Amino acid sequence: MILGKIIGTVWATRKDDSLTGSKLLIVKQLDLKMQEKESFVVAVDSVGAGDGEIVLVATGSSARQTTITKNKPVDAVVMAIVDKLDIPYHGN
Amino acid sequence: MILGKIIGTVWATRKDDSLTGSKLLIVKQLDLKMQEKESFVVAVDSVGAGDGEIVLVATGSSARQTTITKNKPVDAVVMAIVDKLDIPYHGN
Amino acid sequence: MILGKIIGTVWATRKDDSLTGSKLLIVKQLDLKMQEKESFVVAVDSVGAGDGEIVLVATGSSARQTTITKNKPVDAVVMAIVDKLDIPYHGN
Amino acid sequence: MILGKIIGTVWATRKDDSLTGSKLLIVKQLDLKMQEKESFVVAVDSVGAGDGEIVLVATGSSARQTTITKNKPVDAVVMAIVDKLDIPYHGN
Amino acid sequence: MILGKIIGTVWATRKDDSLTGSKLLIVKQLDLKMQEKESFVVAVDSVGAGDGEIVLVATGSSARQTTITKNKPVDAVVMAIVDKLDIPYHGN
């Protein structure tokens, strides 16, 4: 999964019918020091995540393994909200 | 999903039979300031999108989850037309 | 899909049994000015494409959605031969 | 599969229900000299791997082919712990 | 598929049960002049390939379409041994 931070939302009125009601989140990728990288992905929310939260994003067919995304044309889903990283080997 | 802008169309007479009638769009990837990147993808249209429009593209097996692309050899589909990006945390 | 140009063929006598008779094409990736990039992929032909032709390549599980590639261990298929690109917004 | 080293764990209380009890490992990618690269992935553990161990990570739909990850929204799984690399052709 | 050269083997005693007996090959990616690139992948052997051989590697779900890899958590398989590349357009 990708580590990322939610920085906003995509508004899209015209979209695949199955996506009505889905929240399309803009997620910037983070490095292990929680600094934002240039790359980002648009992902469907499945856990009630919001702006500013650190999350995990699953991509590809795995993005369709939640009740919210099943059988839908989405290739990225926010499936966890991160409390913290525990990195003993690189903590210093 | 990838954020992109439709800049044109691919004409292909000889193609997999299942793709007859499918519109093959050239989509340039955008950054969050709506500037075009170098990279692009050819994607099938599933929402009636046209030249100049900002869209989302789903890739991989997820690209086959629309009625238009089901069971077809396509790995990218335009599945939403973007109205706007709402980015409160990076808006300034 | 990837835009590419067929520049040759891979000969492989010892391969998965299901691939007997499949043509393994070397496809160099193209940019929108039809210039070749460094990157290339080996793809199975499903449309009778040959050396020098401009084509589209579908990758991943979508590469197995043709009658020629179904259930085979291939992750890239040539599924269309390009006649031309129509790019009104970037034509100048 | 990706060669990597486990350097820590992600804590996430709020996540897809199916992931309760799953261990989310932070895996840094390694080169063939066992030096860490910048890139990393968050992967679910399926073999009892822990901090500091060298592992293999399977990604995409293949990440769901273990009993622990089946049908879950995860796109990376640690499925082997590496004892050693045997590289006769590049050993010097 | 990726063009690569087998340079060694990964030893892993503790791994997903389904992988017992599978040979885990280290495959360095090649360019079209058969020069090794930096990037490599660990792939399961399905054709009896060995050190020093030039091969094709299929990735993603396609890697599970051989009798040896079916339903296993592997995302890369060696599915062909290359005899030669035939590149008329770039041969000079």
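Do chains C and B meet through the same surface or through different surfaces? They meet through different surfaces, because only 4% of the interface residues of chain C are also interface residues in chain B. This is a predicted model. The predictor gives the complex an ipTM of 0.95 and a pTM of 0.96. Chain A has an average pLDDT of 95, and 96% of its residues score at least 70.

**Relation between copies**

**Interface of chain C and chain B**

- On the chain C side, 27 residues are in contact with 31 residues of chain B.
- The buried area between the two chains is about 2400 Å².
- Carbon and sulfur atoms give 56% of that area.
- Residue pairs in polar contact number 13 between chain C and chain B.
- Three elements of chain C give two or more residues to the side that touches chain B: β4 (54–59), β5 (76–81) and β6 (84–86).
- Of these, β4(C) gives the most, with four residues.
- One salt bridge is found across this interface.
- That salt bridge joins the side chains of E53(C) and R14(B), at 3.2 Å from N to O.

**N71(B): a loop residue**

- N71(B) lies in the loop between β4 (54–59) and β5 (76–81) of chain B.
- Its relative accessibility is 53%, so N71(B) counts as exposed, the cut-off being over 50%.
- Beyond its neighbours within four places in sequence, N71(B) is in contact with R64(B) and Q65(C).
- S61(B) is 10 residues from N71(B) in sequence, and their C-alpha atoms are 9.5 Å apart in space.

**T9(E): a strand residue**

- T9(E) sits in strand β1 (residues 2–11) of chain E.
- T9(E) counts as buried because its relative accessibility is 18%, and the cut-off is under 20%.
- Setting aside neighbours within four places in sequence, T9(E) contacts K84(D), L85(D) and D86(D) in chain D.
- Within chain E, T9(E) is in contact with L24(E), I26(E) and D51(E).

Methods
Residues are numbered from 1 along each chain as its sequence is written. Chains are lettered from A and ligands numbered from 1 in the order in which they are written. This is a predicted model: local features need pLDDT of at least 70, side-chain atom pairs count only at pLDDT 80 or more; totals for chains, interfaces and linings use all residues. Side-chain values use heavy atoms; hydrogens and water are left out. pLDDT is the predictor's confidence in each residue, from 0 to 100. Buried means under 20% relative accessible area, exposed over 50%, partly exposed in between (1.4 Å probe, protein chains only). Contact means heavy atoms within 4.5 Å. Buried area is the accessible area (1.4 Å probe) that two parts lose on being put together, summed over both. A salt bridge is a side-chain nitrogen of Lys or Arg within 4 Å of a carboxyl oxygen of Asp or Glu. A polar contact is a pair of N or O atoms within 3.5 Å; within protein, one must be able to donate a hydrogen and the other to accept it, and residues adjacent in sequence count only if both atoms are side-chain atoms.
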